[in-house]
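Here is a structure to study with some care.

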Amino acid sequence: MQPEKKRQRQKQLVRLQAMDKKQKEQEELVLYEQFFASEEWKQATTIGITLSGAVEVNTQPIIERAKTENKIILVPKTLPKWQMAFRKLDSETQLIKSKFGILEPDNGSDVPKSQIDLIVVPGLGFADEGNFRLGFGGGYYDRFLSDYLGETVSLVLSVQHFNKAVWPVERHDIKIKKLFNSEA
(Lines give C-alpha, C1' and ligand atoms only; values in the text may rest on other atoms or scores of the structure.)
Protein backbone atom coordinates (compact mmCIF):
# COMPACT_ATOMS: atom_id res chain seq x y z
CA MET A 1 0.00 0.00 0.00
CA GLN A 2 1.30 3.43 -0.91
CA PRO A 3 2.27 5.52 2.14
CA GLU A 4 0.70 8.64 0.60
CA LYS A 5 -2.64 6.88 0.11
CA LYS A 6 -2.53 5.61 3.68
CA ARG A 7 -1.77 9.10 4.96
CA GLN A 8 -4.63 10.58 2.94
CA ARG A 9 -7.03 7.92 4.28
CA GLN A 10 -6.10 8.82 7.86
CA LYS A 11 -6.53 12.52 7.08
CA GLN A 12 -9.97 11.89 5.57
CA LEU A 13 -11.09 9.81 8.56
CA VAL A 14 -10.15 12.71 10.86
CA ARG A 15 -12.04 15.17 8.65
CA LEU A 16 -15.14 12.96 8.60
CA GLN A 17 -15.03 12.38 12.37
CA ALA A 18 -14.75 16.14 12.95
CA MET A 19 -17.71 16.98 10.71
CA ASP A 20 -20.51 18.77 12.53
CA LYS A 21 -23.42 16.36 13.03
CA LYS A 22 -26.09 18.87 11.94
CA GLN A 23 -24.13 19.81 8.83
CA LYS A 24 -23.69 16.14 7.95
CA GLU A 25 -27.43 15.50 8.34
CA GLN A 26 -28.27 18.53 6.17
CA GLU A 27 -25.84 17.40 3.48
CA GLU A 28 -27.27 13.88 3.60
CA LEU A 29 -30.76 15.26 2.93
CA VAL A 30 -29.43 17.07 -0.16
CA LEU A 31 -27.75 13.85 -1.33
CA TYR A 32 -30.89 11.75 -0.78
CA GLU A 33 -32.98 14.24 -2.75
CA GLN A 34 -30.53 14.20 -5.69
CA PHE A 35 -30.16 10.42 -5.61
CA PHE A 36 -33.89 9.62 -5.43
CA ALA A 37 -34.55 12.00 -8.36
CA SER A 38 -31.84 10.39 -10.51
CA GLU A 39 -32.33 8.04 -13.44
CA GLU A 40 -29.91 5.63 -11.79
CA TRP A 41 -32.28 5.25 -8.81
CA LYS A 42 -35.46 5.22 -10.89
CA GLN A 43 -34.17 2.56 -13.31
CA ALA A 44 -32.69 0.22 -10.70
CA THR A 45 -34.66 -2.65 -9.23
CA THR A 46 -31.71 -4.36 -7.52
CA ILE A 47 -29.33 -2.13 -5.52
CA GLY A 48 -26.08 -2.95 -3.76
CA ILE A 49 -25.36 -0.71 -0.76
CA THR A 50 -23.37 -0.88 2.47
CA LEU A 51 -24.76 -0.78 5.97
CA SER A 52 -23.00 2.48 6.77
CA GLY A 53 -20.60 3.20 9.58
CA ALA A 54 -20.74 6.36 11.71
CA VAL A 55 -18.56 8.56 9.48
CA GLU A 56 -20.21 7.51 6.22
CA VAL A 57 -23.36 8.85 4.59
CA ASN A 58 -26.20 7.18 6.50
CA THR A 59 -27.56 4.50 4.17
CA GLN A 60 -30.55 3.52 6.32
CA PRO A 61 -32.91 6.10 4.73
CA ILE A 62 -31.92 4.78 1.29
CA ILE A 63 -32.59 1.20 2.36
CA GLU A 64 -35.98 2.19 3.82
CA ARG A 65 -36.96 4.09 0.67
CA ALA A 66 -35.91 1.13 -1.47
CA LYS A 67 -38.18 -1.14 0.57
CA THR A 68 -41.17 1.17 0.07
CA GLU A 69 -40.48 1.14 -3.68
CA ASN A 70 -40.16 -2.67 -3.72
CA LYS A 71 -36.53 -2.59 -4.78
CA ILE A 72 -34.27 -5.50 -3.87
CA ILE A 73 -31.51 -4.46 -1.47
CA LEU A 74 -28.17 -6.24 -1.47
CA VAL A 75 -25.38 -5.70 1.04
CA PRO A 76 -21.72 -6.67 0.76
CA LYS A 77 -20.13 -9.69 2.42
CA THR A 78 -16.34 -9.85 2.64
CA LEU A 79 -14.81 -13.13 1.52
CA PRO A 80 -11.33 -14.68 1.75
CA LYS A 81 -8.53 -13.43 -0.51
CA TRP A 82 -9.82 -9.83 -0.48
CA GLN A 83 -12.99 -10.72 -2.40
CA MET A 84 -16.52 -9.49 -1.87
CA ALA A 85 -20.04 -10.57 -2.83
CA PHE A 86 -23.49 -9.07 -2.41
CA ARG A 87 -26.32 -10.84 -0.61
CA LYS A 88 -29.99 -9.98 -0.23
CA LEU A 89 -31.04 -7.93 2.80
CA ASP A 90 -34.48 -8.93 4.03
CA SER A 91 -36.25 -10.11 7.19
CA GLU A 92 -34.39 -13.45 6.99
CA THR A 93 -30.94 -11.85 6.89
CA GLN A 94 -28.74 -12.47 9.91
CA LEU A 95 -26.14 -9.74 10.35
CA ILE A 96 -22.75 -10.10 12.04
CA LYS A 97 -19.86 -7.69 12.50
CA SER A 98 -17.00 -8.29 10.07
CA LYS A 99 -13.35 -8.06 11.05
CA PHE A 100 -13.60 -4.43 9.90
CA GLY A 101 -16.45 -3.69 12.35
CA ILE A 102 -19.05 -3.44 9.58
CA LEU A 103 -22.35 -5.28 9.67
CA GLU A 104 -22.63 -7.87 6.91
CA PRO A 105 -24.89 -10.83 6.12
CA ASP A 106 -23.98 -14.15 7.72
CA ASN A 107 -26.46 -16.15 5.65
CA GLY A 108 -27.99 -16.09 2.19
CA SER A 109 -26.58 -16.70 -1.27
CA ASP A 110 -24.28 -14.53 -3.33
CA VAL A 111 -26.14 -12.62 -6.05
CA PRO A 112 -24.42 -12.67 -9.47
CA LYS A 113 -23.00 -9.31 -10.57
CA SER A 114 -25.11 -9.43 -13.71
CA GLN A 115 -28.26 -9.22 -11.56
CA ILE A 116 -27.21 -6.02 -9.76
CA ASP A 117 -28.49 -2.86 -11.48
CA LEU A 118 -26.81 -0.26 -9.29
CA ILE A 119 -24.11 -0.17 -6.63
CA VAL A 120 -23.75 2.74 -4.21
CA VAL A 121 -19.99 2.77 -3.66
CA PRO A 122 -18.64 4.04 -0.33
CA GLY A 123 -15.34 5.83 0.15
CA LEU A 124 -13.36 8.41 2.07
CA GLY A 125 -12.71 10.87 -0.75
CA PHE A 126 -13.96 11.49 -4.28
CA ALA A 127 -12.47 13.52 -7.13
CA ASP A 128 -14.56 15.21 -9.82
CA GLU A 129 -11.69 14.90 -12.28
CA GLY A 130 -11.89 11.29 -13.39
CA ASN A 131 -14.54 10.30 -10.79
CA PHE A 132 -11.88 8.52 -8.76
CA ARG A 133 -12.43 7.48 -5.16
CA LEU A 134 -10.21 6.98 -2.19
CA GLY A 135 -11.45 3.77 -0.60
CA PHE A 136 -10.84 2.34 2.84
CA GLY A 137 -7.74 0.44 1.76
CA GLY A 138 -8.77 -3.16 1.24
CA GLY A 139 -9.38 -3.00 -2.50
CA TYR A 140 -12.63 -4.96 -2.15
CA TYR A 141 -14.70 -2.60 -4.29
CA ASP A 142 -11.99 -2.13 -6.94
CA ARG A 143 -11.74 -5.91 -7.34
CA PHE A 144 -15.53 -6.37 -7.42
CA LEU A 145 -16.13 -3.50 -9.84
CA SER A 146 -13.31 -4.45 -12.23
CA ASP A 147 -15.72 -6.52 -14.36
CA TYR A 148 -19.06 -5.14 -13.15
CA LEU A 149 -21.16 -3.71 -15.99
CA GLY A 150 -23.99 -2.04 -14.05
CA GLU A 151 -24.29 1.51 -12.76
CA THR A 152 -22.13 2.90 -9.95
CA VAL A 153 -22.75 6.03 -7.92
CA SER A 154 -21.28 7.59 -4.79
CA LEU A 155 -22.85 10.07 -2.38
CA VAL A 156 -20.25 12.70 -1.54
CA LEU A 157 -20.23 14.90 1.57
CA SER A 158 -18.43 18.28 1.37
CA VAL A 159 -15.40 17.00 3.33
CA GLN A 160 -15.08 14.07 0.92
CA HIS A 161 -15.16 16.23 -2.22
CA PHE A 162 -12.06 17.11 -4.24
CA ASN A 163 -11.84 18.72 -7.66
CA LYS A 164 -8.78 16.59 -8.40
CA ALA A 165 -7.45 13.51 -6.57
CA VAL A 166 -4.96 14.51 -3.85
CA TRP A 167 -4.01 10.84 -3.46
CA PRO A 168 -2.11 8.65 -5.93
CA VAL A 169 -4.45 7.14 -8.52
CA GLU A 170 -3.33 3.65 -9.46
CA ARG A 171 -4.05 1.51 -12.52
CA HIS A 172 -6.41 -0.76 -10.57
CA ASP A 173 -8.50 2.13 -9.17
CA ILE A 174 -11.99 1.94 -10.65
CA LYS A 175 -13.83 5.11 -11.64
CA ILE A 176 -17.32 5.72 -10.28
CA LYS A 177 -19.79 6.44 -13.07
CA LYS A 178 -21.65 9.23 -11.22
CA LEU A 179 -20.89 11.30 -8.14
CA PHE A 180 -23.67 13.07 -6.24
CA ASN A 181 -22.18 16.06 -4.46
CA SER A 182 -23.79 17.66 -1.39
CA GLU A 183 -22.37 21.03 -2.45
CA ALA A 184 -24.18 21.01 -5.80
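The questions and answers below concern a predicted model, and they go from its helices to its sheets and loops.

Q: Why is glutamine 8 called buried?
A: A residue counts as buried when its relative accessible area is under 20%, and because glutamine 8 has 3% relative accessibility, it belongs in that class. Glutamine 8 is part of helix α1, and, leaving aside its neighbours within four places in sequence, it is in contact with Leu134, Phe162, Val166 and Trp167.

Q: How do you know that the span of helix α2 agrees with its 17 residues?
A: Helix α2 covers residues 21-37, and at 1.5 Å a residue its 17 residues should span 24 Å, while its end C-alpha atoms are 25 Å apart, so the two values agree. The expected span is 1.5 Å times one less than the number of residues, which is the rule used here.

Q: What makes one face of α2 the buried one?
A: The buried residues of this helix are Lys24, Glu27, Glu28, Leu31, Tyr32, Phe35 and Phe36. Seen down the axis of α2, they fall within an arc of 160 degrees, and therefore they line one face of the helix. The face turned away from that buried side carries the exposed residues Lys22, Gln26, Leu29, Glu33 and Ala37.

Q: What do the buried residues of α2 pack against?
A: They pack against α3 (39-43) and α4 (60-68), and also against the strands β6 (118-120), β9 (151-156) and β11 (178-181). The helix α2 lies across β6, β9 and β11, and runs at about 140 degrees to β11.

Q: What makes the pair of aspartate 20 and lysine 22 a polar contact at the start of α2?
A: A polar contact needs N or O atoms within 3.5 Å, and here a side-chain oxygen of aspartate 20 reaches to within 3.2 Å of the backbone nitrogen of lysine 22.

Q: Which strands stand at the edges of the sheet of six strands, and how do you know?
A: This open sheet has the order β3-β2-β1-β6-β9-β11, and its pairing is mixed. The edge strands are β3 (83-88) and β11, since each pairs on one side only. From one strand to the next, the twist averages 30 degrees.

Q: How do you know that β6 and β9 pair, and in which sense?
A: Two strands pair if there are at least two bridges between them, and β6 and β9 have three bridges, in the parallel sense. Isoleucine 119 has threonine 152 in β9 as its bridge partner, and valine 120 stands opposite valine 153 in β9. Strand β9 also runs parallel to β11, to which four bridges join it, and leucine 155 stands opposite phenylalanine 180 in β11.

Q: Why is β9 described as largely enclosed?
A: Five of the six residues of β9 are buried, so the strand is largely enclosed by the rest of the structure.

Q: What joins β2 to β3, and what lies in the turn of their hairpin?
A: Six bridges join β2 to β3, and the two strands run antiparallel; proline 76, for instance, has phenylalanine 86 in β3 as its bridge partner. The hairpin has three residues between its strands, and lysine 81 in the turn has a positive phi of about 60 degrees.

Notes: Residues are numbered from 1 along each chain as its sequence is written. This is a predicted model: local features need pLDDT of at least 70, side-chain atom pairs count only at pLDDT 80 or more; totals for chains, interfaces and linings use all residues. Side-chain values use heavy atoms; hydrogens and water are left out. Buried means under 20% relative accessible area, exposed over 50%, partly exposed in between (1.4 Å probe, protein chains only). The arc is that of the directions from the helix axis to the C-beta atoms. Contact means heavy atoms within 4.5 Å. A polar contact is a pair of N or O atoms within 3.5 Å; within protein, one must be able to donate a hydrogen and the other to accept it, and residues adjacent in sequence count only if both atoms are side-chain atoms. Axes are lines fitted to C-alpha atoms, for helices over the stretch in contact, and angles run from 0 to 180 degrees between N-to-C directions.
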